[in-house]
Each structure stands twice: as C-alpha cells, then as structure tokens.
Amino acid sequence: MKTLSENAAFGGTQGVYSHQSAVCDCEMTFAVYLPPQAKYGKVPVLWYLSGLTCTHENAMTKAGAQAWAADEGIALIFPDTSPRGEGVANDEAYDLGQGAGFYVNATESPWAPHFRMWDYIVQELPDLVFEQFPLDRARQGITGHSMGGHGALTIAMTHPETYRSVSAISPIANPAKSDWGRKQFTAYLGPDESTWQAHDATVLMAEKGYPGPILIDQGARDQFLDLLKPETLLAAAALRRQPVDFRMIDGYDHSYFYVASVMEDHVRFHSARLGEVV
C-alpha cells in the first residue's frame with residue numbers, strides 16, 4: 001500500500017492510498033478518513049460507494065462527511081468506482097467502463113479480466129484496510145449515492161452478517177428494469193437476465209430484505225428519477241413490511257449539493273446502529 005497524501009481534518013486524518021489489486025489486476029486508489037478517536041483504539045467503519053463517473057475523490061471532497069464522522073467517532077472509506085489504467089477496458093459512454101463498474105463481477109469480454117468490483121469491495125479492500133488501519137471489522141455500515149446506492153443496498157442485503165447498517169442516497173433501485181442497469185448488466189454479465197437478479201435492489205428486497213431499518217433519501221427534483229425507479233423498491237419493501245425510512249425531499253436534485261445536505265443524517269444513522277450492543 002502506498003500513501004499518496006494525508007491531511008489533518010477535524011482532529012483526524014484524511015488519507016488517500018493506492019495498492020495493486022489482485023482482484024481487479026490493476027492499481028486501485030481509495031481514501032480513508034480516520035476520526036480523532038482512532039488514535040486511542042479501533043473505530044466503526046462506514047463505507048461510501050460513489051456513483052457514475054466518480055472516483056474516490058468526489059465524496060471525500062464534496063460530501064462534508066468528515067465533520068460528522070469526527071463527531072461520531074466513525075471512520076469513512078471511499079473506494080474508487082471501477083478499475084482504471086492502461087490495458088483496462090473502457091467505453092466512450094460515461095455510463096459504461098471506467099468510472100462505471102456497477103459493483104458487479106463481470107463475466108463477459110472485454111470486461112471480465114478487471115471489472116470485479118463486487119469482490120473488490122466485499123473482500124479484497126476490506127482485508128487490506130482492516131490490516132492497515134485501527135478499524136473494527138465487527139462494526140461496518142455501508143451507504144452510497146446513485147450507482148453507489150445500488151451497490152450499498154445489494155451488498156448489504158446479500159451480506160447482512162457483515163454490514164450492521166445500510167442507507168442510500170438516490171439509489172438506482174431497479175437496474176434490471178432501467179436504462180441505468182440493463183445496458184451495463186448486458187455488457188458485464190451477458191444477456192441472460194437471470195444473472196442480473198442478484199444485483200437488483202428491488203429483487204433482493206422482495207426475496208431477502210434486510211434485518212434492520214434502512215434509510216433512503218431521494219430528491220424530488222432529481223432529473224434522473226425515471227432511471228432510478230425508487231417506487232419499485234418501496235413497493236417491494238411494503239410487501240415484505242421492511243422497515244424503511246424513505247424521504248422524498250422537495251427541491252433537491254441528483255447533485256452533490258443534495259448529498260452534502262443529507263450526509264449528516266446518514267452518518268448519524270449509521271453511528272447509532274454501529275454503536276448498538278449485539
């Protein structure tokens with residue numbers, strides 16, 4: 001692991017690091033915020049998965065999460081959204097290829113050799129950060145925005161034993177039925193739609209749900225509402241009586257101005273869940 005930068009922030013440290021990923025077969029960059037409480041022992045962890053076109057840097061610099069994380073004594077991890085670099089497949093479209101990993105393990109050419117973001121987020125990067133930093137592996141939460149909200153929901157519902165809390169901001173809620181999903185799933189996973197179902201939050205909600213409350217925020221003025229399809233996820237949650245705090249907030253769009261406006265609530269939601277005795 002290489003240290004690319006470390007800066008003091010709210011009494012803690014915001015660092016950016018890189019490492020050679022065996023899973024993605026390329027160098028990957030990620031960011032970790034350690035709150036001041038990490039100087040004295042292991043702290044709980046909140047994973048933040050970013051959306052289309054983003055890197056580790058977007059939420060790190062725009063979401064304002066560090067102030068609330070320092071207050072709550074919780075670490076933040078900001079992974080990248082895809083493999084990158086020479087030899088890594090890409091596409092001219094903004095919503096496919098580098099910057100658009102969709103948090104799946106690709107099985108199709110030319111994506112399969114590098115685009116294994118599910119395994120990277122669920123296994124490889126956690127193994128690295130829990131070895132290198134004073135983090136409590138038994139207390140992990142996960143959140144994300146847009147494509148990252150999709151990733152957070154699908155990962156948490158698949159691995160509820162690992163993630164004690166989950167939330168999402170403007171998530172792609174039903175990608176198997178949306179142009180933000182069908183295109184990418186066809187490219188990464190192939191045309192057999194049965195292979196897509198494990199990566200659709202609405203399908204997983206209907207089949208599995210999550211053993212705890214879920215916080216979901218959505219801007220009512222979001223220009224991508226028809227692609228996000230929050231109504232399908234809510235319908236599935238209602239059918240299984242899943243506790244969901246869904247907030248459709250008037251006036252807000254899909255931007256990081258919206259993310260920053262609700263970030264305090266998400267950090268505090270996760271902190272409360274991660275602090276509970278189990």
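1. A quick definition before anything else: a residue counts as buried when its relative accessible area is under 20%. Keep in mind, too, that we're looking at a predicted model.

2. With that cut-off, take strand S2, residues 12–21. Eight of its 10 residues come out buried, so the rest of the structure largely encloses this strand.

3. What does S2 pair with? On one side of the sequence there's S1 (residues 2–9), running antiparallel to S2 and joined to it by seven bridges. If you want a specific pair to look at, Ala9 has Gly12 in S2 as its bridge partner. The two strands make a hairpin with two residues between them, and Phe10 in that turn has a positive phi of about 55°.

4. S2 also pairs with S3, residues 26–34; these two are antiparallel as well, with nine bridges joining them. Here a handy pair is Tyr17 and its bridge partner in S3, Phe30. This is another hairpin, with four residues between S2 and S3, and Asp25 in the turn shows a positive phi of about 55°.

5. Now over to Leu135, which sits in strand S6 (residues 135–144). Is Leu135 buried or exposed? It counts as buried, because its relative accessibility is 1%.

6. Which residues does Leu135 touch, leaving out those up to four places away in sequence? The list is Leu34, Lys42, Val43, Val45, Ala75, Ile77, Val129 and Phe130.

How values were computed
Residues numbered from 1 in each chain as written. Predicted model: local features only at pLDDT ≥ 70, side-chain atom pairs only at ≥ 80, totals over all residues. Heavy atoms only, no water. Buried < 20%, exposed > 50% of the residue type's maximum accessible area, 1.4 Å probe, protein only. Contact = heavy atoms within 4.5 Å. Pairing = 2+ DSSP bridges.
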